[in-house]
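Trainee: Please take me through one part of this model in detail. I would like the charged pairs first, then whatever surrounds them.

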Amino acid sequence: MGVAKSQKANQPARAWQRMLSGRRLDLLDPSALDVEIEDIAHGLARVARWNGQTIGEHAYSVAQHSLLVAKIGEKLFPDSEPYWKLALLLHDAPEYVVGDMISPFKAVMGGDYKSVENRLQQAIHLRFSLPPELSKNEHRSIKTCDRMAAFFEATVLAGFSDEEADRFFSRPRGVTLDDVSGLLAPLPAHKAQDAFLLLFETLIAPLGASR
């Protein structure tokens with residue numbers, strides 16, 4: 001028993017996660033070959049936004065947040081490149097591995113979590129034939145859509161007042177609650193997963209990329 005414990009103690013720490021597809025994704029050196037959209041959709045549909053502190057019978061998932069952000073992007077930037085629209089949908093895709101760390105915890109924690117997220121994002125982009133790095137303007141446009149989505153989620157689902165949400169996320173311009181209200185009802189995980197996959201298939205088709 002003592003030998004077995006000693007051998008186990010000497011083994012390097014596991015840095016990979018087994019996915020339901022059977023893939024093993026290495027967090028420290030992720031390979032695009034181990035990225036599957038079904039794993040992403042399954043994971044994001046089961047990761048709760050706002051640490052689960054939202055109204056409704058079901059958690060509001062990162063998959064639904066991604067659909068909301070994509071809808072806002074469609075409204076604000078209708079003439080954007082097809083690859084940007086797919087990148088927008090996948091902007092939080094690394095969270096299928098690392099989860100959704102809320103902003104206050106990120107501020108307190110610091111550390112190298114961002115570099116892990118960045119490596120995962122690059123592998124995901126490579127897997128679906130997207131540019132490894134987006135331009136500053138493209139990043140800024142995604143951030144704009146993300147912050148608008150956060151405002152709507154905060155006020156409709158997470159108990160923030162309009163004034164409080166405006167202070168932290170800034171009030172949306174060019175998009176109204178009526179434009180996105182249909183995407184703010186928390187769904188069961190399997191329905192959020194199916195909706196995410198359906199939009200993914202729609203957005204990847206013009207790129208001619210492999211799923």
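Mentor: Start with Glu 36 and Arg 127, whose side chains meet in a salt bridge at 3.7 Å, N to O. A salt bridge here is a side-chain nitrogen of Lys or Arg within 4 Å of a carboxyl oxygen of Asp or Glu. The pair links distant parts of the chain. Glu 36 sits in the loop between strand 2 and helix 2, and Arg 127 in helix 7 (residues 113-127), 91 residues apart. Helices (H or I, at least four residues) and strands (E, at least two) are DSSP runs, numbered from the N terminus.

This is a predicted model: local features need pLDDT of at least 70, side-chain atom pairs count only at pLDDT 80 or more, and totals for chains, interfaces and linings use all residues. Residues are numbered from 1 along each chain as its sequence is written, and side-chain values use heavy atoms, with hydrogens and water left out.

Are the two partners buried or exposed? Glu 36 is buried, with a relative accessible area of 15%. Arg 127 is buried as well, at 18%. Buried means under 20% relative accessible area, exposed over 50%, and partly exposed in between (1.4 Å probe, protein chains only).

Glu 36 has another partner. Its side chain meets that of Arg 23 in a salt bridge at 3.0 Å, N to O. Arg 23 lies in the loop between strand 1 (16-18) and strand 2 (24-26), and Glu 36 in the loop between strand 2 and helix 2 (37-44), so this pair ties together parts that are 13 residues apart in sequence. Arg 23 is partly exposed, at 32%.

Lys 71 is partly exposed, with 32% relative accessibility.

Both residues also line the second largest pocket. A pocket is found on a 1 Å grid over the protein atoms alone: it is an open set of points where a 1.4 Å probe fits, with protein on both sides within 12 Å along at least five of seven lines, and lining residues have an atom within 4 Å of a point. This pocket holds about 180 Å³ of space. The volume is the space filled by probe spheres set on the points, which are joined across faces, edges and corners. Helix 3 gives the most to the lining, five residues. Helix 3, helix 4 and helix 11 each supply at least two.

Now the nonpolar side. The largest nonpolar core has 54 residues. Such a core is a set of buried Ala, Val, Leu, Ile, Met, Phe, Trp, Tyr and Cys residues joined through side-chain atoms within 4.5 Å. Among those with the most contacts inside it are Ile 40, Leu 86 and Phe 128. Helix 2, helix 3 and helix 7 are among the elements that give two or more residues to this core. Helix 8 provides the largest share, eight residues. Leaving aside neighbours within four places in sequence, Leu 86 is in contact (heavy atoms within 4.5 Å) with residues including Phe 128, Phe 200 and Leu 203. Leu 203 also lines the second largest pocket.
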